[in-house]
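Subject: Structure for you to look at

Hello,

Here is the structure we talked about handing over.

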Amino acid sequence: MKLLDRWKLLIGQSIAIMPMIGSPMADANQAQLASADWLPNPNSAPPAFKNTLNANDAINVYAAHRSHSSHSSHSSHYSGSSGYSAPRAYTAPSTDYYTPPASTGSSYRSANPSTATVPSGTGSTTKSNAYGATAAKPAADDLSMLVRRVQLALMVKKYYSGPIDGVLGNSTRGSLMAFQVDSGIISSGKMDTPTLNALGIAIP
Amino acid sequence: MLRLDTQFEIQNVTTPKLFKVITPEEFVSKGTASCAGEASFDDLMLWLEESSTDNLEQWLSVPVGGFLLPSYSDELVSVSATLLTNPKDPLVVRPGDVIAVSPGSKVVRVLYRRGANSNLLFMTDRCNSLCLMCSQPPKDVDDRWHIDENLKLIDLVDQGTEQLGISGGEPTLYRDGLLAIIEHAKRVLPEKSLHILSNGRLLSDPTWISDLQRVNHPNLTWGIPLYADNAADHDNVVQAPRAFSETMAGLYNLQRAGQKIEIRMVLSKLTTGRLPEWAHFVFRNLPFVQHVALMGIENTGLAKKNYDQLWIDPADYQAELNNAAFFLDIRGIAVSIYNLPLCVLDPVLGRFYRQSISDWKNLFIDTCQTCSATHACAGFFKSHSTKWQSRKIHPLSVDDLKDMQGAPNETA
C-alpha cells in the first residue's frame, strides 16, 4: 500500500469518527445524566391501594393514634375504661376522602324525584361541605356507621351480642378488648388500624 | 340465560329507588365502599340468608335502606326499611347487583349484575329510526327519568375494569343527559370502558364535536350501524329518509372529535348481497374506524314481522362474509363476527368469531347437546325459533374445533 493510500485511509477513518464526537453519546458523563430533566416513569410507581388500611399512606382517622403510646405500658390487661381518654383526638387525614365531588349533571340530580325525597342524594352534598368546614374530621354520623360495622363484625365472631346502635360504649369496648386479646393485638378497646384489619374492616 | 327482572313481595317503598344488594360480610368489610361512587347506607340493601338467622334481629337493626330476605317469608319480619321477600326466581337478584324498585309494583329490575358481560345503561325507548330488524321496537314516551336512574346507577356499580354499554333506543336523543352520564362515568368509573350504541344521525350536528372533546372520556367507543354502501339501501333498512347521509356526516364528526368508532352491520337478506362492496366503501370512506362488527340478526321485535324481507340462511352468505372480512382485515381494520352459531361459520373465519351474545339472552338448542364447541360458541338468542335456524346447524367435533379458535370479546 502506498503512503498516500494510507493517509487517505486514516483521514477517511477520522472523518467517519467525527460525527460521533459531537453526538451526545460521545460526551455523556455522570453530571449530564444527573442534571437532565429525568423523571421516574409514572407507570413504574408501585400500585396505590385505594381505601385499604394496608396502603403505606393510609391514615386511620378513627384510631386516635396519639393515645397509643400512653397505653402501651399496660397493654395486656383489661382495665375497664382506663383505655379511654376524652376528648378523643383524631388525626386529620392527608388524603381528600371527603372532598365534595365536582358537580356534574347537577340539574338532573336536583330534578331527580327519587334523590330529592331521600336524604342520601341531597344530604350527602351538604355533609361533604360539613367535612370541609371541620377540617376533614370524620363526622359523628360516619363514626357511628363504622362502630356499627365493628359491632356486626364482633357479633359474627361471637364476641358481641348487644344492640347494633353505633355507640362505642362499655359493652362494645369490652368485646373489642376481648377480641384484641385473642388476636394478639394491644388491648386498647379502640378501633385502631390493626384491630380493624383483624376484623376485616376497610375504612372509607 | 338469566332474566333481568323478577317479582318479590315488597314492603315499604314510597318512591322509585335504586339499591345496591350486598351480603353482611361485604357490608362489614367495605361498607359503602362496595359502591364505586358516592353512596350512603340508605343506598344499601342487606342480603340476609339463613346463615344470618342467629342474629337476624341485630342485622335488621342496621340502618340501611333495605333488606332482601331470599329465604324468609315476610310475616316473620317487621321493619320500617324497604323489605324484599319471596323472590319468584331466586337466581335473578344476587349480592353485588344494583336493583330498582317502584311503589305499587312487585317487579324488581336488575340494572347492574355483578360479573356479567353485558351491563348496560339504558337511556331511552325512543328512536329516530325504525329499523326493519329492530330487536327492541321504539316507544314514543318521555322517559327522561332514565337519565337520573343511570347517574345514580353509576355511583352504585362495582369498581374495576369491565365494559359498560350505553344503549336504547337512540341515546343521543337525550343529548345533555348522555353527556352528563359520560362525564359522571369518567369521574366515578374511569377504569371502565364505555360502548355507546347510536345510529349517529344526530351527530351530524357539528356542535357535538366540541362537547365530546370537552367531556374527553378516556375509553369510549361509538358503535354506529351502517347497513349499505348507498343511501337507498341504508335508508330502507332503517326506514328513515336521509338517514344514510346523516349517519355518514355523524361518523365524520366523531372522527373530528377524536372518538373511537366501531361500524356495525346486521347480516340479513337486505344487506349481505352487497357486503363486499360495503366493505370496500367502509375502507375507502371510513378508514379511521377502529373496528368493524358483522353481526347475525336477532330474531325478535320487528325482525319477526319482517321475516320475509330479512331472512337468509347464514350458510348462503358465507362467501360474501368471507370476502368482506378478509378485505378489511388485510387492510388493517379489526373485524369481528358476532351472533352466529359457530357451526354455520366458514371455518377460515374462525379468528374473527366472537362469543358475543349477552349472558341474559343466550341459549343453546337440543342439537348442541353433543357439540364440543359450546364453550366457544355464541349459541342462539333466547328468541330463537326453527324458522330462523340455518340448515347447517350441527354438532362440532373436537377436530372441527382445531381449525377455528374463537375469542370472547364484547357482546350484543
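The notes below go from confidence to the two chains and then to single residues.

Confidence

Please keep in mind that this is a predicted model. For the complex, the predictor gives an ipTM of 0.77 and a pTM of 0.75. The average pLDDT is 59 for chain A, where 32% of the residues score at least 70. For chain B the average is 92, and 97% of the residues score at least 70.

Chain A

Chain A contains nine helices and zero strands, so its pattern along the sequence reads α-α-α-α-α-α-α-α-α. Of its 204 residues, 24% are buried. Among contacts in chain A with a separation of 6 or more, 56% join residues 24 or more positions apart.

Chain B as a whole

Chain B has 13 helices and 17 strands. Its C-alpha atoms fill a box of roughly 70 × 55 × 35 Å along the principal axes. A compact globule of 412 residues would have a radius of gyration near 22 Å, and the 23 Å of chain B agrees with that. Buried residues make up 47% of chain B. Of the contacts in chain B with a separation of 6 or more, 73% are between residues 24 or more positions apart.

The domain assignment divides chain B into domain 1 (5-111) and domain 2 (120-403). The centres of domain 1 and domain 2 of chain B are 34 Å apart, taken over C-alpha atoms. Where they touch, 12 residues come from domain 1 of chain B and 11 residues from domain 2 of chain B. On the domain 1 side, strand S3 (17-22) and strand S7 (98-101) of chain B are the elements that give two or more residues. The residues on that side of domain 1 of chain B are seven nonpolar, two polar and three charged.

A helix in chain B

Which residues of helix H9 (residues 275-285) of chain B are buried? They are Leu275(B), Trp278(B), Ala279(B) and Val282(B). Seen down the axis of H9(B), the buried residues fall within an arc of 100°, so they line one face of the helix. They pack against strand S13 (260-266), helix H8 (269-272), strand S14 (291-295) and helix H12 (318-330) of chain B.

Arg354(B) sits in the loop between strand S15 (334-338) and strand S16 (362-363) of chain B. Is Arg354(B) buried or exposed? Arg354(B) has 21 C-beta neighbours inside 10 Å, and the cut-off for buried is 20 or more, so Arg354(B) counts as buried. Arg354(B) and Cys368(B) are 14 residues apart in sequence, and their C-alpha atoms are 18 Å apart in space.

The peptide bond from Gly168(B) to Gly169(B) is cis, with omega near 15°. Gly169(B) belongs to the loop between strand S10 (163-167) and helix H4 (175-188) of chain B.

Two asparagines have a positive phi although neither is a glycine: Asn12(B), near 65°, and Asn216(B), about 50°. Asn12(B) is in the loop between strand S2 (9-11) and S3 of chain B. Asn216(B) is in the loop between helix H5 (207-215) and strand S12 (220-225) of chain B. With 15 other C-beta atoms within 10 Å, Asn12(B) is partly exposed, whereas Asn216(B) has 12 such neighbours inside 10 Å and counts as exposed.

Regards

Conventions. Residues are numbered from 1 along each chain as its sequence is written. Chains are lettered from A and ligands numbered from 1 in the order in which they are written. This is a predicted model: local features need pLDDT of at least 70, side-chain atom pairs count only at pLDDT 80 or more; totals for chains, interfaces and linings use all residues. pLDDT is the predictor's confidence in each residue, from 0 to 100. Helices (H or I, at least four residues) and strands (E, at least two) are DSSP runs, numbered from the N terminus. The radius of gyration is taken over C-alpha atoms; the globule rule is 2.2 Å times the number of residues to the power 0.38. Two residues are in contact if their C-beta atoms, placed from the backbone, lie within 7 Å. Domain bounds come from an automatic or database domain assignment. Ala, Val, Leu, Ile, Met, Phe, Trp, Tyr, Cys and Pro count as nonpolar, Asp, Glu, Lys and Arg as charged, and the others, Gly among them, as polar. The arc is that of the directions from the helix axis to the C-beta atoms.
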